[in-house]
Amino acid sequence: MLLTPGRVALSRVSTAVLAAMLLPAAALLTSCDKLIPKVPLENTAKLPPDVLFRDARSQITEGKPAEAAKALLKLEARDDIPQPTKNWITLYAGMAELLAGRDAESQKVFAKLVERGPLSTEGGSKKLADFFTEVGQRMSSEGRVSSKIASRYERTNYQSIALFLYAVKNESVGEFEDAAAFYRQFTTIAPREPEPWTGFDLQLKSLANSASRVLEYEERIETSQAALQSETAKSTPEEHEKAVEEAKALRKKIKFSGKLTASLDERMNNLSEKSEKQSEMTAVSAGADSKALPEAKKKWAELAAAFRFADARSAILEPELVTAPAKKEQDYIAAMTDYLENFKFYLAQEIAASGYKQPVQLKDGTALAGVTKVDDLAVYAKDGAGAEKTVPWEQVAPESIYTMAKSLITPDEAPDAQGFRKWHLGHFAAHIGKPADARALLQEAAKLNPAYQEELAMFLEGLPKA
């Protein structure tokens, strides 16, 4: 993903891996710089140029570009600096001015590289001189540098620093998409050719590490923002808050504060505010759900106990719940109730067609000799004296209904038909408190009819463990 919607970004995995690879080099650079104490600017007139250059460069990686620019420009003005060292000092001075936010001053510094032109071949190659001239022209001009030219520069030697310079320049003129593209290219550098001066490759890796952090910062913001805006996001407010805090922690490690980073900071602040508001709304919603769901479950239980499964389903779906856990439980109960309604409907059809001659126990302890018919409202049977009797569903012992339905499962039926019966009977077993039977029936049904496999895990998870 780029810095505008729809663009493609460096993956988090690759960014993290790259950062891990680059961090040791950055640490080494810092430790090397600490071996030799920095010398105050006013006492540097007689120090060797390479020492002064090293100290000034270290100020850039330490996030002090203004101080670095001052030291580099003073060093550049000395008349004992040979080429191509002078051009390198000028290039870094222009970089420091740009990182310090002084765009106009940066352009003037880079223009010196163009003015020197072929003279910079003294002590160096024409290829290097042409590189300085080309970079100077692009960095001293107005406007953006197109990321389409990234392939012109080699990733294995000094040319790769141009990618970083162009990224920073584009950032300075608000061209964040091109800036991000150059930063991504810069993080792919693999220095292995001779250095133009000692410590060059270490600093390249340190700058690449900085670029990687900017890209990762942007990516974390994009990911957190997408999660907050998604209506189907499964992440919790706590996870959102954690993602925001991780992005803030990463931001503290970014030493350069250009316009790109500033724009990301603004998005980060907006994201933090949205996350806080969502947490507040979720807390309110959780309170409402904690009241609405138990009330709906109570209504559901009363209606389900009376075998009024269609009404029970409507009751559980009545409240508009907001929090993910409450919605998940609501959906689970509603789905189970659908199968209970089907169980009752198909059982009624089967018994109406063939009857049931075995005794049926009632909840009051009495027994019916056999069932002649079943419909949505009642079970019709004969009592011990042979008299016709109409018994509401809720007065029949659940175990007898279970036994009645189980008797309809025969081994000569087709596998998918057996699976259908066992699946619905399994849900009824769960409803009447027979979790072990329910688990076995549901698992057998899914084996017989693979169509149930998708829902199997959800319903097994909802069963008591015992």
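Which residues in H7 are buried? Ile161, Ala162, Leu163, Phe164, Leu165, Tyr166, Ala167, Val168, Lys169, Asn170, Glu171 and Ser172 are, where buried means under 20% relative accessible area, exposed over 50% and partly exposed in between (1.4 Å probe, protein chains only).

## Ground rules

This is a predicted model, where local features need pLDDT of at least 70, side-chain atom pairs count only at pLDDT 80 or more, and totals for chains, interfaces and linings use all residues. Residues are numbered from 1 along each chain as its sequence is written, and side-chain values use heavy atoms, with hydrogens and water left out.

## Helix H7

Back to H7: twelve of its twelve residues are buried. The name comes from DSSP runs, numbered from the N terminus: helices are H or I runs of at least four residues, and strands are E runs of at least two.

What span should the twelve residues of H7 have? At 1.5 Å a residue, they should span 16 Å, and the end C-alpha atoms are 17 Å apart, which agrees. The expected span is 1.5 Å times one less than the number of residues. After H7 comes glycine 174, with a positive phi near 80°.

## Rings that pair up

A pair of aromatic rings is described by the distance of the centres and the angle of the planes. Here, rings of Phe, Tyr and Trp (its six-membered ring) pair if their centres lie within 6.5 Å; planes under 30 degrees apart count as stacked, over 60 as edge-to-face and the rest as tilted. That rule gives 25 aromatic pairs.

One of them joins tyrosine 166 and phenylalanine 182, edge-to-face, at 5.5 Å centre to centre and 65° between the planes. Tyrosine 166 lies in helix H7 (residues 161-172) and phenylalanine 182 in helix H8 (residues 176-186), so this pair ties together parts 16 residues apart in sequence. Tyrosine 166 is buried at 0% relative accessibility, and phenylalanine 182 is buried with a relative accessible area of 0%.

## A cluster and a core

Ring pairs also link Phe53, Trp88, Tyr92, Phe131, Phe132, Tyr158, Trp197 and Phe200 into a cluster.

Now for the nonpolar cores, which are sets of buried Ala, Val, Leu, Ile, Met, Phe, Trp, Tyr and Cys residues joined through side-chain atoms within 4.5 Å. The largest has 64 residues, and Leu72, Trp88, Leu91, Tyr92, Met95 and Phe131 touch the most other members. A second, separate core of 54 residues includes Ile316, Val379, Leu456 and Leu463.
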